[in-house]
Amino acid sequence: MTMQTDKNMTANMKSQMNPATNSKIHKALESALDMNSSMDTPVHIDQSAKMQLALQRLEQQLDQYGQELNRYTLEQLTRQPSAEEWSLGQMYQHLIASALYMQLGNMDKCIRRYEQDLQQESAMHGAYPEHTAAAESDFASASASASAQASAPGKTASGESIFADGSFPPVRVKVQGVPDPVQPESLEQLFSGLEQVRIRARELAPQAVSVPAIYTEKHPRFGDLTASEWLILIEMHYRHHLHQKRRLDEFLNRSV
């Protein structure tokens, strides 16, 4: 988020905002400021436990995929059932790239926008103690509006469904217009990629605990997802591709 300091730009933002939405953002920021003195509240503990569980489940998937890699040669990993179907190595590349550059990337965006809004709100409290509550609310809403995307429509029906079920439907999905992943150059490349996902997820999970649900990034199929939902999505995505992995293992066993 680029901080807007010009008075005219700030006024323009204020004129375009939804008052009800602004109130929600301001209350979330106020609660976050108060949280510094009450980090052991039941709500915070509950959210922290959820994130720890999501991270634990993701690490279990990363462990499983990493252990399975030891079963294959590079030739097996790059063998395709047909010109239209991915190899096992391409599937690994897809999982790694999706996590690093889409899911964890969007998780990080939610966190950064919230932190920037919180810093601006905190600075305003300290620098302008004479401001009235109404003026304070207007200022916080103006800065938060540009970054919180609070007018977004929320999850799609597909998004609501997968988060209610805790998994993707067990069907094959071909996303049109997405280029095929490149073949891996070595097993070490895939091991390294899985470890990068683990390291980045461990970095971001604790930061996502206190991010309010109004901070979202849009998924092309599932709609607006929160920081914690992006982490949960990675684990569901890895688990979903176990179906594809079983089909590819059967292909490799038949083609020995």
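**View 1. R200 and E203 within helix α8 of the predicted model.** Both residues belong to helix α8, where they sit 3 residues apart, about one turn of the helix. A salt bridge joins R200 to E203, with 2.8 Å between the closest N and O atoms. R200 has a relative accessibility of 27% and therefore counts as partly exposed. E203 is also partly exposed, because its relative accessibility is 39%.

**View 2. The salt bridge between E59 and R198.** The closest N and O atoms of E59 and R198 are 2.8 Å apart. This pair connects distant parts of the chain: E59 is in helix α3 (residues 42–69) and R198 is in helix α8 (residues 187–208), 139 residues apart. E59 and R198 are both buried. The structure holds 18 salt bridges.

**View 3. K245 and D249 in helix α9.** A salt bridge forms between K245 and D249, their closest N and O atoms being 3.0 Å apart. The two residues are 4 residues apart in helix α9, so about one helical turn separates K245 from D249. K245 counts as buried because its relative accessibility is 4%. D249 has a relative accessible area of 13%, so D249 is buried.

**View 4. A network of salt bridges.**

**View 5. S228 and its contacts.** S228 is part of helix α9, which covers residues 227–254. With a relative accessibility of 15%, under the 20% limit, S228 counts as buried. When neighbours within four places in sequence are set aside, S228 is in contact with Q47 and M51.

Notes: Residues are numbered from 1 along each chain as its sequence is written. This is a predicted model: local features need pLDDT of at least 70, side-chain atom pairs count only at pLDDT 80 or more; totals for chains, interfaces and linings use all residues. Side-chain values use heavy atoms; hydrogens and water are left out. Buried means under 20% relative accessible area, exposed over 50%, partly exposed in between (1.4 Å probe, protein chains only). Contact means heavy atoms within 4.5 Å. A salt bridge is a side-chain nitrogen of Lys or Arg within 4 Å of a carboxyl oxygen of Asp or Glu.
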